[in-house]
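Please work through the exercises below with the sequence and the model side by side, and try each task before reading its solution.

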Amino acid sequence: QLTPSSFLRIGQLSNVDLNEDIHELETEVPRQRPNEIPHNEKLLSLKYESLDYDNSENQLFLEEERRINHAAFRTVEIKRWVICAMIGILTGLVACFIDIVVENLAGLKYRVVKDNIDKFTAKGGLSFSLLLWATLNASVVMVGSLIVAFIEPVAAGSGIPQIKCYLNGVKIPHVVRLKTLVIKVCGVILSVVGGLAVGKEGPMIHSGSVIAAGISQGRSTSLKRDFKIFEYFRRDTEKRDFVSAGAAAGVSAAFGAPVGGVLFSLEEGASFWNQFLTWRIFFASMISTFTLNSVLSVYHGNAWDLSSPGLINFGRFDSEKMGYTIQEIPIFIFMGVVGGILGALFNALNYWLTMFRIRYIHRPCLQVVEAMLVAAVTATVGFVMIYCSRDCQPIQGSSVAYPLQLFCADGEYNSMATAFFNTPEKSVVNLFHDPPGSYNPMTLGMFTLMYFFLACWTYGLTVSAGVFIPSLLIGAAWGRLFGISLSYLTKGSIWADPGKYALMGAAAQLGGIVRMTLSLTVIMMEATGNVTYGFPIMLVLMTAKIVGDYFVEGLYDMHIQLQSVPFLHWEAPVTSHSLTAREVMSTPVTCLRRIERVGTVVDILSDTSSNHNGFPVVESNPDTTQVAGLRGLILRSQLIVLLKHKVFVERANLNVVQRRLKLKDFRDAYPRFPPIQSIHVSQDERECMIDLSEFMNPSPYTVPQEASLPRVFKLFRALGLRHLVVVDNRNEVVGMVTRKDLARYRLGKEGLEELSLAQT
């Protein structure tokens, strides 16, 4: 038997208490943690709530909207632009901070290890150098993993699946907190410096989203500060739009690709979209790239030359030297197929690994140990490969940051070391741009094989880390290998330049793992600064996606599914026309009367077994026995605010009430409404009545019970609903459709399958 509180972790959405403000009230029960957590991917978790993307149009809301005149709406619009500019600037600055700190710390580490290796190569005893390198890596990663595992588990992984869920309308605890941002940034720095096979690009997307959510609310719940600005935006609808802008700003800061950022937000992130949003998001992305560019240019000492648009710069590809001919297109398509197969293999391995992690490595201390193990193994593998490699290249004319001589002759360096003894970003650029002949095919083959398994093992550890750069690096390595073997076959003909094939291989591998098409094409084009390759890159990515989807779904979707998150895709499952709303809906429904006893409301809210969040309001007719028709819908959060302010009918008659409740009272309680246990209602007050008519939403969306599942799904998904009331022909409530009822049905291998619901 499992307590819901035994944390389930994967690439880390974990089961966290939402109401930390009242931790003091609950005495902690000592928890026994089981050694194995049984986990089945055919489950949907009930611990995730939905967001209210649909505004509740009650009387208060309508009154406020009618009071706002045209000029006031214009100021709101200006505020939106200001927020987008601030999002861009701050995301750019965070990216600069990460970049500069990583560069300095990693440089320091590599210098220390290099001096040590040079010293011991001369007099023997290289095992000390290995110990030093492995210990440095493991200790740095230990710190990075400790802060994630014990302080903020949501900050693990790249954060893209979490943001995707948030934008889809699932409330993932703590995902856009300031605390998460701090842990994310520190964790990324530590895991990249610790030499893990990770990149710092994925987490930038999460960081941008957190920044956006924080700025647009004009207050911080972590710091308990309220700046009293942007109060109009304190609702889920507005917050979502800014979060998608933040995600785009994160992509454009990471790759120097503002258009790619907008398209990423459109393709991977946002579930809702309109034209005004596109322009604002593009603005935020541009500002973010520009900020990063100017700050880094000043830092590198050439203030007027804006030369570093993104965290990763693939360098410029010259069109003259690197054109492509028509007969190469089949070769590119073949590379796409290889990338799709390798990507599917990567995802399948990572799937089994993640299942193992959920079952056995769910304790924070074990997670930290695993992260340290991976760090030490990464260093050891790198060291052994460099040690065994006899691939020596002349030093002059090469741009290697830390040339390791090891057993090479004087004036030469070990070319395996350029791949392992460097941050992954630099290695990618080296593979793209080093002149032909810089790498031995054997070196590249061994490197690809090793790095593939290391990257697969690393994704899903309890550290903040992205999967973008490792996939690019694996792809660039096998792509370059492919190019070298082609030039052997064609006797060194001019078009078989290995750098070009490295670029195609990188695109194929990344496309095969994350299955992005449109945004990835544009990101690669913007990052290389070359439009010539648009067509081949698009072909490669399409092929990789088609081939990969044949075997297994993309990495992010897979992790969302492993989390048991009720994620709604664009369309209902294809074969679901036979189901109707009657089969899908949840019954019985807990209804409230329009004028209800306070005691009844408190009891319904305190009932832990049901824990509903929306209640249909029906006409209160004491004389008739039949259930009366639907009058509106009221949310748990609204009821809690009403109880907290004690808005009772009796008090209104006694003229005790000083003022009417305003919409501001509801906004101030957002996003963390107090739990019902913290609200004290005396015995006398329980007998009072409460009038819901001006707080309920009088026009909730309803469907008849004969509506087919795809129709219900379309309505629910397109409007971003949280509750959809099912009524019969007399307008009486018969059921309620929520996100879990729709996400339960999924297309499996045999056709339509229904997932079971689990509490954990």
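The model is predicted, so local features need pLDDT of at least 70 and side-chain atom pairs count only at pLDDT 80 or more, while totals for chains, interfaces and linings use all residues. Residues are numbered from 1 along each chain as its sequence is written, and side-chain values use heavy atoms, with hydrogens and water left out.

**Exercise 1.** Describe how helix H10 and helix H16 pack.

Solution. Begin with the elements: H10 covers residues 329-360 and H16 covers residues 498-514, where a helix is a DSSP run (H or I) of at least four residues, numbered from the N terminus. Next, take the geometry: the angle is about 40° and the axes are 7 Å apart, the axes being lines fitted to C-alpha atoms over the stretch in contact, with angles running from 0 to 180 degrees between N-to-C directions. The two helices are therefore oblique to each other, since angles under 35 degrees count as roughly parallel, over 145 as roughly antiparallel, 65 to 115 as roughly perpendicular and the rest as oblique. Finally, look at the residues: Gly 336, Gly 339, Gly 340 and Gly 343 are among those in H10 that meet H16, whose own residues there include Gly 505, Ala 508 and Gly 512. By class, this contact of H10 with H16 has ten nonpolar, eight polar and one charged residues.

**Exercise 2.** Find which residues touch the most other members of the largest nonpolar core.

Solution. A nonpolar core is a set of buried (under 20% relative accessible area, 1.4 Å probe, protein chains only) Ala, Val, Leu, Ile, Met, Phe, Trp, Tyr and Cys residues joined through side-chain atoms within 4.5 Å. The largest one has 154 residues, and Ile 386, Phe 420, Phe 421, Phe 432 and Phe 468 touch the most other members. Its largest share, 15 residues, comes from helix H2 (residues 70-123).

**Exercise 3.** Decide whether Ala 284 is buried or exposed, and name its contacts.

Solution. Locate Ala 284 in helix H9 (residues 275-299). Because its relative accessibility is 0%, Ala 284 counts as buried. Leaving aside neighbours within four places in sequence, Ala 284 is in contact (heavy atoms within 4.5 Å) with Cys 84, Gly 88, Ala 245 and Ala 249. Although Ala 284 and Gly 88 are 196 residues apart along the chain, their C-alpha atoms are separated by 4.6 Å.

Note on methods. Ala, Val, Leu, Ile, Met, Phe, Trp, Tyr, Cys and Pro count as nonpolar, Asp, Glu, Lys and Arg as charged, and the others, Gly among them, as polar. Buried means under 20% relative accessible area, exposed over 50%, partly exposed in between (1.4 Å probe, protein chains only).
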